[in-house]
Amino acid sequence: MSYTVDFGKIIHIAKGGDIMQILKNEEMRKLDELAIHTYKIPGIILMENAGISVVEEIEKCLIAKENKKIAIICGVGNNGGDGFVIARHFLNKGIEVTTYIVGDFSNIKGDAKINFDILEKIKAPIVKLMDSKDIEEFEKDLSQHSILIDALLGTGLQRTVEGIMKEVIIKMNLSGKEIIAVDIPSGVNGNDGKVQGIAVKATKTVTFQLPKIGNILFPGSYYGGELSIKNIGIPKKAVDSMQSKVHLITENMVQSILPKRYADTHKGSYGRAFIIAGSIGMSGAAILASKTALKCGTGLLRTAVPNSLIPILENQLIEGITLPLEEMLEKGILDYIKEENVIAIGPGCGRSQQFEEILHTVVRNATVPLVIDADGLNMLANNISLLKDLKVPCIITPHPGEMSRLTGLSIQEVNDHRLDIARNFSEKWGVITLLKGARTVIANPQGEVFINRTGNPGMATAGSGDVLTGMITGLLSQGVEPLKATMAAAYLHGTAGDRAAIRLGEYSMMAGDIIYEIPTVIQEIMKK
Ligand SMILES: NC(=O)C1=CN([C@@H]2O[C@H](COP(=O)(O)OP(=O)(O)OC[C@H]3O[C@@H](n4cnc5c(N)ncnc54)[C@H](O)[C@@H]3O)[C@@H](O)[C@H]2O)[C@@H](O)CC1
Ligand SMILES: [K+]
């Protein structure tokens, strides 16, 4: 399996499995050990494969360059060992390579030592970087190279980067050269994507076998640039046995989730969606969510809004049916929702007592999957134990501010521990949590977490969340399982947003522009 993950979007090089695990440092070490001890693949072979996989990527970058001199900057662990393999292969190809080593040579052990000894035997140019006086020379040297390879620290990062290692990284970052990181940019913690003091700002990262959490979450993902995930020959059986609870949402996954359309069907075959949204001043939320549900394939759509908004909706949304909320309240809401396949509640609803009453009734009595967003979540924060009354699968879609209100944690705390916060909330309340933000995270009550890589800062715009709610609702109405519908919607939403950003720029794109891209995004995925 081999993928290239561009900054924010995933391009498949080869078709792989539907599920891609994301590992922590310790889990990656376990996987390496499993391959070596249980499956008897010598570690030196894995290191050779790792090095060669980076060589392939470096060669692609070298094609366009006149100056082909490469600087490989290595630590004394196995990440450095990969660097020694890379150095040997380029020397064999007749390319000028300098290997810089930071740290005590006597600490080079095992497979890394074997590769280091080979470099010495073939008299490869090796420069030791010991202290500040070596740094000046190093800085001058760097200017003569075309590409820098960062093989200082990988999944073995243990502490804050300081001293000579820090000085080396500063000079690499200031060099203005293209930098390719081996496995993970040095200084980024593979466990959470946080920077331990300082980190290499790479243009590209080649990571091995499976991505680490630090390759995917911010700020690590920013430091890594474009990400390639390369197979290094660990048996599939070993990979599958890892059973990590953190996964990357891939295009393959989404493709298998999207419902197929068959010839002998009618609109009833694609479900009935019911959206409760909008209030005076926020009719747009109802329109955006409703239009999106239809664009995502809903067979029949009814949107309930306050009476005063009906003319606006009738004007803007000719394909859907509208209902006045006041009438629903008067005659009893339950009669209206009993025939639906999904109910979405909250976008632009405001915080009136009337809305609170509706929310409570819907949460307590819904017999079909429920999506709660925006003001629905704000109201829920006043009485969160309402979730205990749920009888159906429920998806909540908070942004960090809404999550802060739901949990009582600060926004900073929510952002610092996105995976754990989403997972804990889902486990505690038995709901599917989609936590928005750069790298949307989806958690289920079983403790599994799914991370979405699509999307861009242009999507931080009014109404973008209403579109996401419409997407989840649209897929749910067609009978897609709640977790799958949420994952596919997050991926499609981000991909449509990425297309809108390419067409219009991150500044100018608006929520409606994301809707405009939905047909192309779905068609392209279905076609593959
Ligand atoms: N068999 C394996 O285990 C394989 C490992 N591979 C590579 O090996 C890497 C992991 O190797 P290691 O576990 O040896 O770890 P690393 O090479 O990532 O780092 C460990 C070394 O760095 C030092 N160190 C840790 N934090 C530091 C800091 N903040 N400042 C300065 N020095 C620091 C440690 O004392 C140790 O000497 C992976 O990222 C990958 O690149 C690949 O070769 C594939 C096979
Ligand atoms: K590295």
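Predicted model: local features only at pLDDT ≥ 70, side-chain atom pairs only at ≥ 80, totals over all residues.
User: What does UniProt list for residues 250-525?
Analyst: An unreviewed UniProt entry lists them as "domain: YjeF C-terminal".

User: Into which domains is the protein chain divided?
Analyst: Domain 1 covers 3-242, and domain 2 is made of 254-258 plus 268-527. Their C-alpha centres lie 40 Å apart.

User: How many helices and strands in the protein chain?
Analyst: There are 22 helices and 20 strands. The radius of gyration is 26 Å, close to the 24 Å given by the globule rule for 528 residues, so the chain is as compact as a globular protein of that length.

User: What box do the C-alpha atoms fill?
Analyst: Roughly 85 × 50 × 45 Å, taken along the principal axes.

User: What percentage of the residues is buried?
Analyst: Buried residues are 51% of the 528 in the protein chain. As for contacts with a separation of 6 or more, 73% of them join residues 24 or more positions apart.

User: Switching to the ligand. Which residues come nearest to ligand 1?
Analyst: Gly 77, Asn 78, Asn 79, Gly 154 and Gly 156, out of 28 residues around ligand 1. The elements giving two or more residues to that shell are α2 (43-62) and α3 (78-92).

User: Which of them gives the most?
Analyst: α3 does, with five residues.

User: What is the shell around ligand 1 like, by residue type?
Analyst: It splits into 13 polar, 11 nonpolar and four charged residues.

User: New topic, cysteine. Where is Cys 296?
Analyst: Cys 296 sits in the loop between α11 (283-295) and β13 (300-305).

User: Is Cys 296 buried or exposed, and why?
Analyst: Cys 296 is buried, because it has 30 C-beta neighbours inside 10 Å, and the cut-off for buried is 20 or more.

User: What does Cys 296 touch, leaving out residues up to four places away in sequence?
Analyst: Cys 296 touches Gly 470, Met 471, Gly 474, Leu 475 and Ile 518.

User: How far is Cys 296 from Asp 192?
Analyst: Their C-alpha atoms are separated by 34 Å, and the two residues are 104 apart along the chain.

User: What is phi for Lys 123?
Analyst: Phi of Lys 123 is positive, about 60°, although the residue is not a glycine. Lys 123 is placed in the loop between α4 (110-121) and β6 (126-129).

User: Buried or exposed, Lys 123?
Analyst: Lys 123 counts as exposed, because it has 8 C-beta neighbours inside 10 Å, and exposed means 12 or fewer.

User: What about phi of Ala 374?
Analyst: Phi of Ala 374 is near 45°, again a positive value in a residue other than glycine. Ala 374 lies in the loop between β16 (370-372) and α16 (375-382).

User: And is Ala 374 buried or exposed?
Analyst: Ala 374 is buried, with 24 other C-beta atoms within 10 Å.

Note on methods: Residues numbered from 1 in each chain as written. Chains lettered and ligands numbered in written order. Near = placed C-beta within 6 Å. Helix = DSSP H or I, 4+ residues; strand = E, 2+ residues; numbered from the N terminus. Nonpolar A, V, L, I, M, F, W, Y, C, P; charged D, E, K, R; others polar. Domains from an automatic or database assignment. Rg over C-alpha atoms; globule rule 2.2 N^0.38 Å. Contact = placed C-beta atoms within 7 Å. UniProt positions renumbered as here; feature names shortened; annotations may be inferred.
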